[in-house]
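Keep the viewer open as you read.

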Amino acid sequence: MHRFTSRGLAPACLAIAASFAVAAGASAQGSGKIKVGFMLPYTGTYASLGNAIENGFRMYVQEQGGKLGGREIEYFKVDDESDPAKAPENATKLIKRDQVDVVVGTVHSGVQMGIVKVAKENNTLLIIPNAGVDEATGPLCGPNIFRSSFSNWQPGYAMGHVLAERGMKKVVTLTWKYAAGEQSVKGFKEAFEARGGKVVKELSLPFPNVEFQALITEVASIKPDAVFVFFAGGGAVKFVKDWAAAGLKDKIPLYASGFLTDGTLEAQGAAAQGLETTLHYADGLANARDKRFRLDYAKTYKLQPDVYAVQGYDAAQLLAAGAGAVKGDMSRKAEVIKAMEVARVDSPRGAFTLSKAHNPVQDFYLRKVDGRENKPGGVAVKALADPARGCRL
Ligand code: PHB
């Protein structure tokens, strides 16, 4: 009978122990894939927005040969359903169960609040590819929280500027009653009223309701100089059609943040023609970067890109800046963050940098719907930075 002696066993044990040590050491340096967790809406009124963000992100990674910082990317996905109540559990799944290196999410401001909280508790890197909730780059800002999109304040503020300059005096606002709508209106009001305008009535309905009729009638009864709205995705399609069907299209000027007409024009058709909005992207910007992006996106997905695709693409560019600085070793968090903070993102929207609170400082275009495009009609506000009130970084 063969018996293992302790002496005989020792070399084998050492060899095994050594191989574990190599594996552990290697993974501490991040030799594996970079794990990206998409937490996005894949169902509901914002489903197309979530898909465009993922498409844009993946396209950038593909352009880099499928690698960032020399590492392959492994994707995990959760459908957040634009439901704030499910946000903490969904974010925790990606962070604790899937152990992602970075969460990329989301679209809806209410859901975003839950993600920010969980990302802060776990010190997980977060890149927000849409949701504008002001708090994320305001009082809840943090070293690990980045945004590739906008704050809700920004596009509203840009439109407030435009309408005041056009001499409008009396405006009614209409939105879904949650952070995105409320904070857009706040930004609008701040710029508009500082320049002599007055918001005479703020109307709203719960998200994601689309029973607009009574509110449209109420707006008409007030006879304002203009109406400013925030709607997006499926709800925006319905609103624009209802507004036109009510016969108000040529009676009361309708203005909005650009989400009202982005990714929606095919479905809105004639009802959207001529609408003017403000946003950090437009169709047909005169830059070579955007032209290449649009061609590649159309070829890859057989779809026209929109602002959401751009924000997803730029979320990947931000991550690339961080991952590149540490050769893919995402455990070197402080260095990843530093590199992301100083990145100059070569975006299809035009190059941008981040504010101290990690929100893009960017131009806001005034756009006008013409056919299936939001054509740029100039810059409404140049290099607009969110005031980042309450952020201490
Ligand atoms: C948001 O909830 O922050 C939000 C959603 C959709 C948009 C823009 C902002 O298009």
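Predicted model: local features only at pLDDT ≥ 70, side-chain atom pairs only at ≥ 80, totals over all residues.

Residues are numbered from 1 along each chain as its sequence is written, and side-chain values use heavy atoms, with hydrogens and water left out.

**Pocket and cavity**

Let us start with the open space. A pocket here is an open set of points on a 1 Å grid over the protein atoms alone, with protein on both sides within 12 Å along at least five of seven lines; a cavity is a set of points where a 1.4 Å probe fits but cannot get out, and lining residues have an atom within 4 Å of a point. Volume is the space filled by probe spheres set on the points, which are joined across faces, edges and corners.

The largest pocket has a volume of about 490 Å³. Its lining counts 23 residues, and Gly263, Thr264, Glu266, Gln304 and Asp306 lie nearest the centre. Two or more lining residues come from each of helix H2 (47-63), helix H9 (265-268), helix H10 (288-301) and strand E14 (373-384). Helices (H or I, at least four residues) and strands (E, at least two) are DSSP runs, numbered from the N terminus. H2 contributes the most, with 4 residues. Because domain 1 (33-150 + 284-358) and domain 2 (153-279) both give residues to this lining, the largest pocket lies between them. The domain bounds come from an automatic or database domain assignment.

The structure also holds 1 cavity of 30 Å³ or more. The largest cavity contains about 80 Å³ of space, and its 16 lining residues include Val107, Asn130, Phe150, Tyr178 and Phe230, which lie nearest its centre. Domain 1 and domain 2 each supply at least three residues to that lining.

The two linings divide by class as follows, with Ala, Val, Leu, Ile, Met, Phe, Trp, Tyr, Cys and Pro as nonpolar, Asp, Glu, Lys and Arg as charged, and the others, Gly among them, as polar.

| Lining | Nonpolar | Polar | Charged |
|---|---|---|---|
| Largest cavity | 11 residues | 5 residues | no residues |

Among the buried ones are Glu54 and Asn55. Just after H2, Gly65 has a positive phi of about 75°.

Strand E13 (residues 360-370) pairs with E14 in the antiparallel sense over 7 bridges; pairing takes at least two bridges found by DSSP. Val369 has Asn374 of E14 as its bridge partner. With 2 residues between the strands of this hairpin, Gly371 adopts a positive phi near 65°.

**Loops worth a look**

A cis peptide bond joins Gly105 and Thr106, with omega about 5°. Another cis bond links Phe207 to Pro208, at an omega of about -5°.

Ser82, with phi near 50°, sits in the loop between strand E3 (71-79) and helix H3 (87-97). Its relative accessibility is 8%, so Ser82 counts as buried. Lys302 has a positive phi of about 55° without being a glycine, yet Lys302 is exposed, at 68% relative accessible area.

Conventions: Buried < 20%, exposed > 50% of the residue type's maximum accessible area, 1.4 Å probe, protein only.
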